[in-house]
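Please open the structure in a viewer and keep the selection tool at hand.

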Amino acid sequence: MRFETLYKPYFIFRGKNSLGMGVIVTSMPDVYKPKRRVSTQEIPGRDGVLHVDEGTYENYNKVVECAVVERANLDGICAWLDGSGEAIFSTEPDKVYRVRVDNQISIGKMLQYFQKFQVTFDTYPFKYSVNAADDFVMLTKPSLLRNRGTVAAEPKIKIYGTGSVVLIINGKEYRLDGLQESVVLESEMMEVLDGAGVTYTPPDLGDDLFPRLKVGNNEISWTGNVEKIEIEPRWRWL
């Protein structure tokens, strides 16, 4: 199996390898840069158009051409290739994509023995490291944290402390009052949770509540009674 994995194209979806499912990949998807979400406005009396950049990116499709020999396994394959999950492609074995399969899969006949079909992955704009668990960081003193991705990361930050705490990232302060044990800043989900998993509403933080880690070095420090800070950085790439 290891020899086949090295020399045959494959993809992994929701933890299952296409090779193990009896799926032959006849064409792998290209590597794309997602489209940046920019709108245009025409202003009377002004040449050209005004571009309004939202600073976000759009989903896109990754299409995999496949075939199977054993038709008896088609029901299992169709059940597998459905819904949301993570995908890894042999063309980028060190990256993982967040995808969803919603398309109708039509099984057609190719030659005498092969059944061909196409899988369309609706793909989230960013890709992540397959070894994300290795990026976990625990801080007990002010530190530099280097974002090795190509875009700002939206981390999960858990602060263990009590009372009033101020988290400082690249000079920006995030004030958290009334901590009893811990609090979680979930930047990606835009949630703040206390130690019991209950939504916590910090006072006077304004709209820019959720920290982001810029590409390159990030200075992280804090004030207050803090035992430690745990960070899942979630480095990401375009």
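Two residues are in contact when heavy atoms of theirs lie within 4.5 Å. Of the contacts in the protein with a separation of 6 or more, 68% are between residues 24 or more positions apart. The model shown is predicted.

**The whole chain**

Begin with the entire protein, displayed as a cartoon. Its 238 residues form two helices and 18 strands, and 40% of the residues count as buried. Next, colour the chain by pLDDT. The mean is 87, and 88% of the residues reach 70 or more. Then select residues 1-5, where pLDDT stays under 50. For this segment the model has four contacts beyond four places in sequence. Where pLDDT is low, the predicted coordinates should not be read in detail.

**The largest nonpolar core**

Which residues have the most contacts inside the largest nonpolar core? Select Ile157, Ile159, Leu167, Ile220 and Ile229, which hold that place in a core of 24 residues. To see where the core comes from, highlight strands E11 (137-139), E13 (156-169), E14 (172-179), E15 (182-186) and E17 (216-232); each supplies at least two of its residues.

Now centre the view on Ile157 and show its surroundings. Leaving aside neighbours within four places in sequence, Ile157 is in contact with Leu167, Ile169, Val183, Val184, Leu185, Pro211, Ile229, Glu230 and Ile231. A second, separate core has 23 residues, including Leu74, Leu81, Ala87 and Tyr97. In soluble globular proteins, nonpolar side chains tend to be buried together.

**The aromatic rings**

Turn next to the rings. The structure holds nine aromatic pairs. Select Phe11 and Phe121, which form an edge-to-face pair with 5.7 Å from centre to centre and 75 degrees between the planes. This pair links distant parts of the chain: Phe11 belongs to strand E1 (residues 11-13) and Phe121 to strand E10 (residues 114-129), 110 residues apart.

**A buried glutamate**

What does Glu92 touch beyond its neighbours within four places in sequence? Its contacts there are Val31, Tyr97 and Lys127. Display the side chains of Glu92 and Lys127 to find the polar contact of 2.6 Å that joins them.

**Charges over rings**

Select Lys95 with Trp237: Lys95 lies over the ring face, at 4.5 Å from the ring centre. Then select Arg236 with Phe126, where Arg236 lies over the face of the ring at 4.1 Å from its centre.

Terms used
Residues are numbered from 1 along each chain as its sequence is written. This is a predicted model: local features need pLDDT of at least 70, side-chain atom pairs count only at pLDDT 80 or more; totals for chains, interfaces and linings use all residues. Side-chain values use heavy atoms; hydrogens and water are left out. A polar contact is a pair of N or O atoms within 3.5 Å; within protein, one must be able to donate a hydrogen and the other to accept it, and residues adjacent in sequence count only if both atoms are side-chain atoms. Rings of Phe, Tyr and Trp (its six-membered ring) pair if their centres lie within 6.5 Å; planes under 30 degrees apart count as stacked, over 60 as edge-to-face and the rest as tilted. Helices (H or I, at least four residues) and strands (E, at least two) are DSSP runs, numbered from the N terminus. A charge sits over a ring if NZ of Lys or CZ of Arg is within 6 Å of the ring centre and within 35 degrees of the ring normal. pLDDT is the predictor's confidence in each residue, from 0 to 100. A nonpolar core is a set of buried Ala, Val, Leu, Ile, Met, Phe, Trp, Tyr and Cys residues joined through side-chain atoms within 4.5 Å. Buried means under 20% relative accessible area, exposed over 50%, partly exposed in between (1.4 Å probe, protein chains only).
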